[in-house]
Amino acid sequence: MTVDAGDTPETLDRPWTVHYTPGTTHDLDYGTATLCDQFDRAVRDHHDRPATEFFGRLTSYSELGSRVRRAAEGLRLLGVDKGDRVAVLLPNCPQGVVVFYAALRLGAIVVEHNPLYTADELEAPFVDHGAKVVVTWNVITDVVQDLANRPGTAIEHILAVDLLDAFPTAKRLALRHLPVPSLRASRAKLSRPDTHTPRWAALETGPELDFSHPYPSSTDVALILYTSGTTGTPKGAMLTHANLVANSTQGKAWVPGLEPGRERFLASLPMFHAYGVTMCVVFGIAQGARLQLVPTPDMDLIMPIFAKELPTFIPAVPPIYTRILEEADRRGISLQGIRNSFSGAMSLPADLIERWEAATGGLLVEGYGMTESSPITVGNPMSTARRAGSIGVPFPDTDIRIARKDDPSEDSPAGEPGELLVKGPQVFPGYWNNEQATAETLHDGWLRTGDVVVQDSDGFLHLVDRLKEMIVTGGFNVYPSEVEAVLRTAPGVADCAVVGRAASGGGEQVVAAVVLQPGASLDVDAIRAHCKASLAGYKVPREFVELDELPANPMGKVLRKKVAEAINP
């Protein structure tokens, strides 16, 4: 089926196997276009409109284009060439957008890293990708210097970014008071950046790259993002220009009514995550949107933006939506006017959808994806046809299979849970320097997601759980998400995570970690009785462990592996 520009998902024929032909309703064919082509088009078409907003400072597309060309020439003079890796360790900031597109313009490969990682956490990825140039936040240059001195790393140039350079003059002291300790660093470091490390800002003041410099091709790798998945071993997922252009083009077809050059995207998700870099930056730039950049999704940073000018499009995770609702209500800020909101990375509660849509007058829909698919493969229609509790239907030009959990070659019977396999132009070509992991993840051209889903009669997919996080107890399979959904409705429970614990004689026991609501006490008998009312006996946790908080990644997604380590002796 073909999606026309005037179509919205609710008007399409079921069973929601949605396809569209590139080039018929979009002037970029994602088979040949690159991220550089998308960027150049945005600069050309929206040159006088704001491209980024950072603590109130606006940067136009024209200025951003010039900064990217100057930075590209600076990187070229450092020896960066086609295929070289440029490592980036930055919070969301305008300089992060500049270095991203500058490196891509040279045909180099951007490798995004979490700037809060330790040198020990970064060592294996840096040895693997061998980046010679690192662009880093100035307050963590000692971490990168440590890396540069370790055997196996190839770091030759370290360029320090001072976030204060991107602030309006009147607000340059604001960073000292960032409300999140992990991003605040020390007052001394912020006022006296490392003077021994060359400053990134110098690259943006030199000559511009010659327009004749060769562009990358669509099949070139543009980005490497490291993901450990369920194994704990970092693997570098390679995403090509074609992968990322495809996903942003699919997103354009999925979100009707976007106005090029007039949208405002809240960019609070980190660029070192596939969800953040694609939905906040690549997709936003492709629409000529204003990126409302914040270095961390803290309400003391987001609310001033909302009080001045609301975003029109928000990609986020459920906890962020909850905090926005609470803070906006507390501060008397109206959310009416936020038209389109997208949620991912974890389950989206139905009551949160209702509260958000009542407060904004817009839509909040859930989607699904993974780093290896750039990231989105499945989404709820951005319309009233969206279905709460479902991750949605396949994105345009995306095929799916639901395979038997023990054999990806065979399809699961209709209506039965199985592993989700996907195929489409957004699916990655493999892992950097890891043929074995690539072969295990790509089965006859299909991406094995490792997630168990069931498809209803209308074609909507429902996520059951992670295949490798399934608990086997007494010969029965227990999916943690199912148990967690019941636990979250138990009196006094604020949040929870369910994991398996090895049992004597083989198999596992179901164990639940719970975070209690303020003032509540752990009443095991009451919680167990609540679970028994909705779950088969073998699914009811045998033990409940109280935690102050659940370990989570920077996106806010609970890490069950870390939970298991915390509660298992």
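In helix 5, which spans residues 141-148, T141, V144 and L147 are buried, burial being defined as under 20% relative accessible area, with exposed meaning over 50% and partly exposed in between (1.4 Å probe, protein chains only). These three residues lie on the same side of helix 5 because they cover an arc of only 115° around the axis, the arc being that of the directions from the helix axis to the C-beta atoms. An α-helix has 3.6 residues a turn, so residues three or four places apart point the same way. The cover over the buried residues of helix 5 includes helix 4 (119-129), strand 5 (133-137) and strand 6 (157-161), where contact means heavy atoms within 4.5 Å. Helices (H or I, at least four residues) and strands (E, at least two) are DSSP runs numbered from the N terminus.

The model is a predicted one, in which local features need pLDDT of at least 70 and side-chain atom pairs count only at pLDDT 80 or more, whereas totals for chains, interfaces and linings use all residues. Residues are numbered from 1 along each chain as its sequence is written, and side-chain values use heavy atoms, with hydrogens and water left out.

Strand 1 (residues 50-54) is mostly covered, four of its five residues being buried. Strand 1 runs antiparallel to strand 2 (residues 57-60), to which four bridges join it, and T52 stands opposite T59 of strand 2; two strands are taken to pair if DSSP finds at least two bridges between them. The hairpin of strand 1 and strand 2 has two residues between the strands, and F55 there takes a positive phi near 50°. Strand 1 is also joined by three bridges to strand 10 (residues 290-293), with which it runs parallel, and F54 stands opposite L293 in strand 10.

Within helix 8 (residues 241-254) is Q250, which counts as buried because its relative accessibility is 0%. A polar atom of the Q250 side chain lies 2.8 Å from the backbone oxygen of P396.

R339, by contrast, is found in the loop between helix 11 (318-331) and strand 12 (340-343), and is partly exposed, with a relative accessible area of 31%. The C-alpha atoms of R339 and T360, which are 21 residues apart along the chain, are separated by 7.2 Å. When neighbours within four places in sequence are left aside, R339 is in contact with G257, L258, E263, T312, G362 and L363. With E263, the side chain of R339 makes a side-chain polar contact at 2.5 Å, a polar contact being a pair of N or O atoms within 3.5 Å of which, within protein, one must be able to donate a hydrogen and the other to accept it, while residues adjacent in sequence count only if both atoms are side-chain atoms.
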